[in-house]
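Reader: Could you go through this structure with me, one topic at a time?
Author: Gladly; ask as you go.

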Amino acid sequence: MGYAAAFLAADLGMKVTLIDPEVNPGGVCLYRGCIPSKALLHVAKLIEESRQARNWGIEFGNPKIDVSRLRSWKEGVVKKLTGGLGTLSKQRSVQYVQGWAGFENSTTLRVTKPDKTEETLTCDRVILATGSRPAIIPSLKLDSPRMMDSTAALDLTDVPATLLVVGGGYIGLELGTVYAALGTKVTVVEMLPGLLPGADRDLVLPLHKRLEKMFDSILLNTTVAGLQEDNSGIRVSFSGSAAPAERQQAASLQGERVFDKVLVSVGRKPNSEIAGLENTSVTVNPRGFIEVNRQLQTDDPVIYAIGDVVGEPMLAHKASHEGRTAVEAIAGHKVAFEPNAIPAVVFTDPEIAWCGLTQTQAEKENREIRVAKFPWGASGRAMTLDRTEGMTKLLIDPATERVLGMGIVGAGAGELISEGVLAIEMGALARDLELTIHPHPTLSETIMEAAEVFYGQATDIYRPKKN
Amino acid sequence: MTEFKLPELGENIDQGDLVRLMIAPGATITEGQPVMELETDKAVVEVPSSVSGTVRDIRVKEGEKIKVGQVIFTVENGTGNVARAPSQASASAPPATAAQVAPPPPPAPPARASAPAAADPTEFRLPELGENIDQGDLVRLMISPGARVSEGQPVMELETDKAVVEVPSSVSGVVKEIRVKEGDKVKVGEVIFTLEGGAVAPPQRPKAAPVEHVSGQVAARLAFQAAIKAEGKTEEQALPPDQPQPIPQTFTMPVQLGKVAGTDHGEPVPAAPHVRRLARELGVDIHQVPGTGPGGRISEDDVKAYSKALLVSAVQAPRATHFAEPVLPDFAKWGKIERVAMRGVRRKTAEHLWEAWSTIPHVTQHDKADITELEQLRARFAPKAEEAGGKMTVTAIALKVCASALKVFPQFNASIDMGKEEIIYKQYINIGVAVDTDRGLLVPVIRDVDKKNIVELAAELTQLSQKARDKKLTPAEMEGGSFTITNLGGIGGTGFSPIVNHPEVAILGLSRSSIEPVWMNGKFEARRVLPVSLSYDHRLIDGADAARFLRWIAEAFEQPFLLSVQG
C-alpha cells in the first residue's frame, strides 16, 4: 500500500519517490493477494452456483475449463489495475523507481535497479511499506514444482487432480475453494482443532459444513510429519492427535497419502529484512515486525512504516489507512492510527466477516457483553438465494447498548460488514440499527433484525427477550 | 518603542473577536502576562504578552475582530522576547509597515543573542532551559546520524524537574555524531550532536525557546509554530493546502510533532471518526471528554466544550494559585534558612486538609461535659480493659458515645455528593481516631463501633494506635471512616476547632478535662469537666442540630446510663 501513501503525499504537495521491484506500483494485494484471488473466487462461485442450480431445476452440465484463458483473464485484471496505478503515479508527478532499496543512513537510500545499476537518493522522510511474504516452515520445505505457496497457487499453472492445503487459515481456504471448484480433490490439514483460528466458532461452523462437502477431507488436530516427492506426486505423512470427532477421519489418513500438489499456507512473514536497516534506528521486534507508534513513526524519527510489515492484521485496507495517517503525520497534522474497528473478511463461500470486538476476544477478556443473533433461515432474501446457512450477530455493551462488534457468515458477508464498521465507528447503539430502515428484501435486513432480536422483538423470528 | 502584535493562535485560526482587554495605557506589563481574551471559532483563549514595559497606546477595542499579526499595543522602555513574538518589529521599523496583516514581517534579531549555547555552529549544545534549570533527563532523541535538522526543529525531549520540554535545534545541517543517549542526564551547555561540514545558522533567525508540554496540548502546536516561525513562514504556507494541488514546490517539510494528545489508550471511544480527529487537532484527549449523546456518545460540541473548559481552567488555574499562594519573600535576607522537601505524611496531610478546608464551610460548636461520675466508672473498669489488652481512655469511651449519637443523628454519619446533588447516609459506623506519631498525624479507623463494647473498643484502639506509631498501619486500616475523633486532652488546652476529615461531615475534638466549680444543688461543687468541640459541614448540618448533637454527647458523658437507654 505504499502507492496509497505516495499518492496522498503527492496530493499534499510533497515531492515523492516510490520504489518498488515491480514494473508498476501495486504491492502484495494487487499482484499476489486480494485482487487475483478474488478474480478466481468469483469464477469458483459461478461454477458452484451452476452446480447448485440443479436444485432449482436448471442443468448446465459440467463446465469446460480453459485454464490458460482463465489465467490470462485474471492476469488482465491485475495488469489493468497496476497499469492504472502507474498512470496515476505519472499524473501526480510521483517519481517511480523500479528496484530494490537499501539504507545508507536514515535519509539516504541506494536503489539497485533491475539492470544492476545503482542510484542514490536522499530525502527528508521515508515510509516503509515492504509488505509480507508467505511464511515457510523448514520441515515443509521441498524443492519441487509440485510445492506451492499462495503466490504460486495464484499463478494457476494447472488444475491438479489432488491438492493438499497445509494450514486452515483464510488463504488456504480461499485458494482451496478455487481449486475445488475447478475440479481438484482438496484436502486441508490444520494443526489446531478448528478452521480459521481466531474467528468466532459460530461464524466458522456454516463454512466448515459447506467445505466438508466441497473438499475431499478436512483434517483437524493434524500436522504434516513429512514430505517426499516420487513419480506419482508428493508423498505426505501425517501425524494427528485428532479430537474424538475428527478421529475417524484422521485415522483413515494416518500414515501416508500422495498428492499431485501441496499448497503451504501457514501464514505470512513481514518483509522487514531491509538492506541497511542497521544503519538507521528502526527497531524490529522478535516477531519480525517493525515497531511504530500511533503515527506509524518508527524508532528512527524520520522513518515511518505501514502495512503488513508493522503488524497484524495483515490487511490491505488497514495498510492504506495507516499510509494516510503516516503521510498526514509527516505533513504536520495531528493524526493517529486508532480505528475503533478494522473489518476482516474471509472470501470463502459462504463468506465470513467481522469487525470490532469478537465473541472470542470478549470471552478471553472476561468482558460482559450481550450477543444478538439473527439466523438467515428466517431471512426471505437468503431463502430466495437458497443460502439460508448464514447468520448475523451483534455484540452489544449491556450498559450503554453500544454496538461493540459485528460478525456475519453467509453469502456476501464481506459487503454487509461495512454497516457494522460504520456503526461502531459512529458509536451507534443497537437501537440505531433497529430504527434504521433497511431495504426489503435484502440480506442487509438481517443486521436490523439482529438488533430487533436484542430488544426481544424481531419480525421474522419469535424469541422474546429474556431478563 | 516596541509593538505587540497578535501572535499565531493555532491551525487555521487567523483572527478572533476581542472579548476583553486586560490592560490600560500607562500600565506596566511583563512578558507572559495575559493582556486580552480572544474568542476564536474554536475556543476562548487568553493571549499573553511577549513584551515587557509600559503600555503606551492601545490600537484595538473590545468587540473588534483582530487578525494575526495586527498591532495590539505599543510599549515604552520595552524589551521583547523574540522567540515568543517573532512578529515584533525592531525599534526602528516604522509602525505602518509593521501593522500589515499576515504573513508577519521578518523577525528582529534574538534578544538573548548572548546565550552560551550554539556558539559554534558545527555543534549543538543544550541551551538554557529556564530559570534554575541546569540539567534534565533525556527522554527521547528525535534525530539520528545522517538526518537533516533545521533550526527550530525539535531534536529531543528532556525531562526537567519542572516539565517535559521539547528542545529545538538552533543549528541547521546534517547530523554527524550524537554525543548523548536516551536516559542520560544532560547539562546545559553540553554538546548534544555535531554537524557535518558545519552549516551555519542564519544570524537573523530567532532562537526558538523550548516549549513546555502543557498536557501534550499546545506543546506540539507550539513546537510546530516555533519551527515555522524560525523559517519566517506562516502556518498556512507551511501546511499543505486543503485542495489537492499537484505542485510539489509549495510544500515545506514541517517539523515533526511530538506526541498527539490522547493516543496512549487502546479502548475504543464512542465518538465518530471526525470527532476523534477534531479532538486530536485541538490537543484534547478524547478519552477524557464526557459524552452527552446516547450511550455516552461524544459529539463535536462535547469536544469543543471540553476544550474550552480546559483552556479556561488552564488560564484561570495559575491565577487562582497566584492569589492563594502568594510569592514568598526571600527569607534568607533575614537569617539562615533551611529548605526541606515536604514528603509523605506531611504532604498528604497538607493536601488533604487544604482540600477539606476549601471544600467545607466549617462551623465549630463548643460545649462542656461533666465527667465526674464517668471518671469513677473509668477507674473501676480500667482493670477489665487492661485484661483485654487495652486502656480505658476517654477516647475509648468517646468512641462508644459517638457511635450512639450517630445512630440518633444520622446526618452526622453522611457525605455530600454535590455533583449528583445527593446526600449519602452510611448504614455503618466506622470512626477514625487521630493519632499523633513522629511521622505526623495518622487516622486509623475502627470499624462497626456500634457493634462493639467499650472494653473491645479500648483494646482495638490501643492496638491501632501502637500500629500507627510503629509505622505498621496499612492504608486499608485508614480508610472507610464515617466520623472522626481527635483528642488533644493529653497535651492540654481548653478548646479548639478541628478540621472536618473530608468527605466526612463532622469531627469531635476533646480537650483537657479539669476540675471546675459547678453550681449544683444550690452550691458550687468541684466537678471534672471535659471541653468538647464539634466542627461540622454547614452545607449539610444546621447549627441547631449540631448544638443538639453535641449536647447529646455531653449528656451521654455525664450519664453513661443514657447509652444503654437511647444509644
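Reader: To begin with, in which helix of chain B is B:Arg280 found?
Author: B:Arg280 sits in helix H4 of chain B, residues 273-282, where helices (H or I, at least four residues) and strands (E, at least two) are DSSP runs numbered from the N terminus. This is a predicted model, in which local features need pLDDT of at least 70 and side-chain atom pairs count only at pLDDT 80 or more, while totals for chains, interfaces and linings use all residues. Residues are numbered from 1 along each chain as its sequence is written, chains are lettered from A and ligands numbered from 1 in the order in which they are written, and side-chain values use heavy atoms, with hydrogens and water left out.

Reader: Is B:Arg280 buried or exposed?
Author: B:Arg280 counts as buried, at 7% relative accessibility; buried means under 20% relative accessible area, exposed over 50%, and partly exposed in between, with a 1.4 Å probe and protein chains only.

Reader: And which residues does B:Arg280 touch?
Author: Leaving aside residues up to four places away in sequence, B:Arg280 touches A:Lys334, A:Val335, A:Ala336 and A:Glu338 in chain A, together with B:Val260 and B:Ala261 in chain B, contact meaning heavy atoms within 4.5 Å.

Reader: How many residues does each chain bring to the contact, and how much area do they bury?
Author: Chain A brings 39 residues and chain B brings 45 residues. Between them the two chains bury about 3,600 Å², with 49% of it on carbon and sulfur atoms; buried area is the accessible area (1.4 Å probe) that two parts lose on being put together, summed over both.

Reader: How many salt bridges cross the interface of chain A and chain B?
Author: The rule, which asks for a side-chain nitrogen of Lys or Arg within 4 Å of a carboxyl oxygen of Asp or Glu, finds five salt bridges across that interface. One of them joins A:Glu425 to B:Arg276, with the closest N and O atoms 2.6 Å apart.

Reader: Which helices of chain A supply residues to the side that touches chain B?
Author: Helix H1 (2-11) and helix H9 (316-330) of chain A each supply at least two residues of that side.

Reader: Switching topic, how many aromatic pairs are there over all chains?
Author: The count is 11, where rings of Phe, Tyr and Trp (its six-membered ring) pair if their centres lie within 6.5 Å, and planes under 30 degrees apart count as stacked, over 60 as edge-to-face and the rest as tilted. Among them is the stacked pair of B:Phe412 and B:Phe549, at 3.9 Å centre to centre and 5° between the planes.

Reader: Which parts of chain B does that pair tie together?
Author: B:Phe412 lies in the loop between helix H8 (394-408) and strand S19 (414-417), and B:Phe549 in helix H10 (residues 543-558), so the pair ties together parts that are 137 residues apart in sequence. B:Phe412 is buried at 0% relative accessible area, and B:Phe549 is buried at 0% as well. B:Phe409, B:Phe412, B:Phe483 and B:Phe549 form one aromatic cluster.

Reader: Where is the peptide bond from A:Asp349 cis?
Author: The cis bond runs from A:Asp349 to A:Pro350, with omega near 0°, and A:Pro350 is in the loop between strand S18 (344-346) and strand S19 (351-356) of chain A. In chain B, a cis peptide bond joins B:His502 and B:Pro503, with omega about 10°.
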